[in-house]
Structures are given as C-alpha cells and as structure tokens.
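Biologist: I'm new to this one and would like a close look at a single part of it. Could you pick a piece, show me where it sits in the whole, and walk me through it?

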Amino acid sequence: MIAIERVLEADGTVALWAVNRTAGDLSGERRFLGYEQPVRAYQSAHKTPIAVCWSDGGTIGHVEIFNRDVLAALPGQNGENVSVGCDIVAAGKMRNGADRWWCRTHQAHWGTKTDIVAAYSTGNLVCSSQTQPVSFVVNPLDLLPDEHAEVGVWCSMPPAITSAGLQVRRRPKIHLHIRDEANGIKIFDNDVSALLIKYGARGDLFSATDTTTVAITPPAAFALVTALEEGRPMGHIDCKNCGAPHLDLGEFSRTAHIKHLCGSCGRDGIRSSEPLISTPLKPLQDHFNPEPVFIDVDRRLSIDDFPGAAFAIWASTPAVLWKADRPQERGIHVHLSVNGKREIDETFGSVIYRGKELKRADLLAVMIQNTLT
Ligand SMILES: [Zn+2]
Ligand SMILES: [Zn+2]
Ligand SMILES: [Zn+2]
Ligand SMILES: [Zn+2]
C-alpha cells in the first residue's frame with residue numbers, strides 16, 4: 001500500500017512524501033513529491049498579487065498565483081492556454097476518512113488511491129485536471145480608479161454581426177477606457193488580458209489599511225455581465241477557511257446557490273445566508289456605481305448607407321466597473337471603416353442593416369453564444 005506522509009520541516013513548510021508500506025513494514029521506499037502550500041496563503045500573500053490566472057470551463061476561480069514554485073516555472077510573462085504546474089493545499093478528509101488535497105491551479109481534488117499510486121511511480125504530484133490549460137498574466141495592469149476622472153471596464157465579447165459575414169467565436173477579453181477629464185479624450189482605450197483594481201473603503205486610498213485589490217479576469221467579467229443581464233441574484237462571500245474571495249464562474253454563475261466550493265482551498269462547506277452567485281466584482285461595481293443609470297441612446301444609423309464598408313456590431317453591455325458622473329449608454333455599438341479608415345465608433349439607439357432594424361437583445365444572445373468560456 002502506498003501512503004502519503006506529511007512532514008513538517010524546520011522552516012514550517014510541509015513536505016509530502018509517498019511511502020510504500022508493505023504489511024508490517026514501515027521502512028518502505030519513500031519518494032519526495034513536493035510541498036503542500038499554506039491554506040491561508042490568500043491572507044499572507046502580498047497586497048498586490050504577482051500573477052493572476054484563469055482557465056476555460058472553470059466553475060469556480062482561484063485567481064491569484066502565490067506559490068513560488070509555480071510562479072518560477074511559468075512559461076513567460078503571460079500565456080494563453082498553456083500548461084501550468086499544480087499548486088497543492090490540504091483540503092480536509094475524503095468520505096472514507098483519508099486525507100484530501102486541492103489543486104489551486106486546476107481546481108481539482110487530489111488524494112485518491114489512483115492519484116497516490118501515480119505520484120509514487122512518477123515522483124510527481126499532479127492532479128487529475130493537470131492537462132487543463134490555463135491562461136495567466138504576470139504583473140497585470142494595476143489601476144487606481146480614484147486617480148482618474150473616468151474609468152470604464154467592460155467584458156469584451158465577439159461581435160454579433162460583421163461585414164465578413166462569418167460568426168466570430170472567441171474568448172472574452174477585458175476592455176478598458178480611462179479619461180482624465182470628464183467625457184474628455186480617452187488616455188487609454190484598449191483590451192487588456194487581466195486587470196487589478198485598487199480601492200479604499202472610504203476613498204482615502206493610501207492611509208486606509210482596508211484597501212481592497214480585486215482582480216478582473218475575462219471569465220469573471222463574463223460571469224458578472226451575463227448574470228447582470230439576466231437579473232440573477234449576486235453577492236459576495238469570502239471563504240471562512242482560507243479567506244479567499246469566492247468567485248462563481250460558468251455553471252455556478254448561472255444558478256444561485258447556498259453551498260459553495262472554494263476554488264482556493266477545496267473546502268465545500270462555505271454557506272451564504274441566501275442563494276446567490278458570489279463574485280468580488282459585485283462589491284467592486286457597487287463601490288464605484290452603486291445605482292447604475294442607463295440612458296437609451298437615440299442616435300440612428302443605417303449600415304446600408306455605407307455599401308462596401310467594413311463593420312462590426314455589438315449590443316452594448318453594462319460596465320463591469322463604471323466610475324463617471326454620467327449614465328452609461330445602452331444601445332447598439334458599431335465600428336465602421338471605409339477604405340480602411342475608421343469612420344464610426346459609437347453607440348446607437350437604432351441600427352438598420354439590410355433594411356431591418358436590429359434588436360439589441362438578439363445581438364446580445366449571439367454574442368453570449370459565441371463567447372468561449
Ligand atoms: Zn493541478
Ligand atoms: Zn477557501
Ligand atoms: Zn459559489
Ligand atoms: Zn468602440
């Protein structure tokens with residue numbers, strides 16, 4: 001029988017060894033597998049995370065990477081759908097009483113007989129979801145909205161209609177606008193792969209010890225926007241075991257629930273007082289824009305007036321973060337270029353295409369359907 005031994009080392013780290021224990025023989029062959037990570041890493045980590053990660057198809061998120069070994073082995077400064085090492089933390093016991101662990105990177109429990117035999121034979125502790133690719137950014141853009149007049153963050157989704165006629169299917173991205181004067185020129189207007197937002201509870205950012213840092217990743221932004229559009233109950237809870245902010249994604253962001261599985265420590269006993277979808281992006285959004293106001297734009301456009309133009313059409317979506325003293329615009333967003341020159345980048349209330357008025361809800365449905373998560 002192969003067993004796992006947890007050995008406390010002098011510096012407080014816990015080493016994991018696989019030990020071959022034949023009946024009555026405790027001096028069996030031992031194999032070093034790696035180190036178990038501290039459960040409360042979230043609270044002892046730096047205020048500003050060094051790297052954030054996410055994966056396609058996740059139902060919960062562990063966003064920050066603080067395992068030094070995983071950080072050191074990352075393939076570069078950013079990566080999309082790459083292989084990243086396991087990050088193992090103790091996660092209580094299995095139903096049969098055996099120890100259980102959780103892989104923060106791949107969001108899977110570890111410690112079954114099969115897992116242990118494989119670890120003993122290879123000397124590598126890898127979870128069952130190890131082949132699941134992960135996207136990551138080291139030192140993501142770090143933004144303090146209070147330093148700017150206006151900040152807008154959106155979940156960027158594929159356009160619903162393009163002049164090329166083909167359906168565009170892609171992963172969600174994060175789109176960021178920064179203005180240093182109200183409704184002035186944008187000093188930043190681009191997609192970013194992930195974003196860190198810092199804010200203080202009372203606006204006094206630098207004296208406050210309660211500065212909050214929230215990481216916005218593409219799947220978290222997508223989950224927030226789709227939940228907002230469909231009016232699902234959202235809130236936010238922290239894991240009482242490890243302190244990590246609980247982030248529901250995918251399937252878990254489509255149905256409000258009371259019992260939550262923590263993506264950072266693998267414990268499943270976290271309860272919210274009522275059924276909800278938990279995301280730290282909700283308090284972030286509420287902080288800067290507690291009562292979102294939308295105005296339906298009344299500008300009109302007919303794409304048919306621009307034969308041969310290149311264009312892309314989206315439904316506008318609510319901002320993930322909106323810091324501005326003016327309402328958000330709701331309507332249909334159009335990019336249109338003639339002979340390679342961008343003529344239109346604006347939101348309209350009415351858009352005619354091939355003689356018919358487009359409906360925002362139809363466009364949004366196509367965008368959501370074509371977003372790969
Ligand atoms: Zn793993
Ligand atoms: Zn936890
Ligand atoms: Zn949950
Ligand atoms: Zn635009």
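Predicted model: local features only at pLDDT ≥ 70, side-chain atom pairs only at ≥ 80, totals over all residues.

Modeller: Domain 1 covers 2–137, domain 2 is made of 140–156 + 172–288, and domain 3 runs over 294–369. Between the centres of domain 1 and domain 2, taken over C-alpha atoms, there are 26 Å. Where these two touch, domain 1 puts in 26 residues and domain 2 puts in 28 residues. On the domain 1 side, helix 1 (41–44), strand 4 (51–54) and strand 7 (88–93) each bring at least two residues. Strand 7 gives the most, with three residues. By type, that side of domain 1 splits into 11 nonpolar, 11 polar and four charged residues.

Now step back for a moment. The protein as a whole has six helices and 29 strands, and its C-alpha atoms fill a box of roughly 85 × 50 × 40 Å along the principal axes. It has 373 residues, and 38% of them count as buried. If you take the contacts with a separation of 6 or more, 62% are between residues 24 or more positions apart.

That brings us to the part I'd pick, by way of the largest nonpolar core. This core holds 91 residues, and Val153, Ile216, Ile313 and Val320 are the ones touching the most other members. The largest share, seven residues, comes from helix 4 (residues 218–229).

Begin with its length. Helix 4 has 12 residues, which at 1.5 Å a residue should span 16 Å; the C-alpha atoms at its ends lie 17 Å apart, so the two values agree. The buried ones are Pro218, Pro219, Ala220, Ala221, Phe222, Ala223, Leu224, Val225, Thr226 and Ala227. As a rule, an α-helix has 3.6 residues a turn, so residues three or four places apart point the same way. Just past the end of helix 4, glycine 231 has a positive phi of about 65°.

One last stop, back at the core. Leaving out residues up to four places away in sequence, valine 153 touches Ile174, Leu176, Leu195, Ile216, Ala319, Val320 and Leu321. Two of those partners, Ile216 and Val320, are named with Val153 among the residues that touch the most other core members.

How values were computed:
Residues numbered from 1 in each chain as written. Chains lettered and ligands numbered in written order. Domains from an automatic or database assignment. Contact = placed C-beta atoms within 7 Å. Helix = DSSP H or I, 4+ residues; strand = E, 2+ residues; numbered from the N terminus. Nonpolar A, V, L, I, M, F, W, Y, C, P; charged D, E, K, R; others polar. Buried ≥ 20, exposed ≤ 12 C-beta atoms within 10 Å, placed from the backbone. Core = buried A, V, L, I, M, F, W, Y, C linked by C-beta atoms within 7 Å. Expected span 1.5 Å × (residues − 1).
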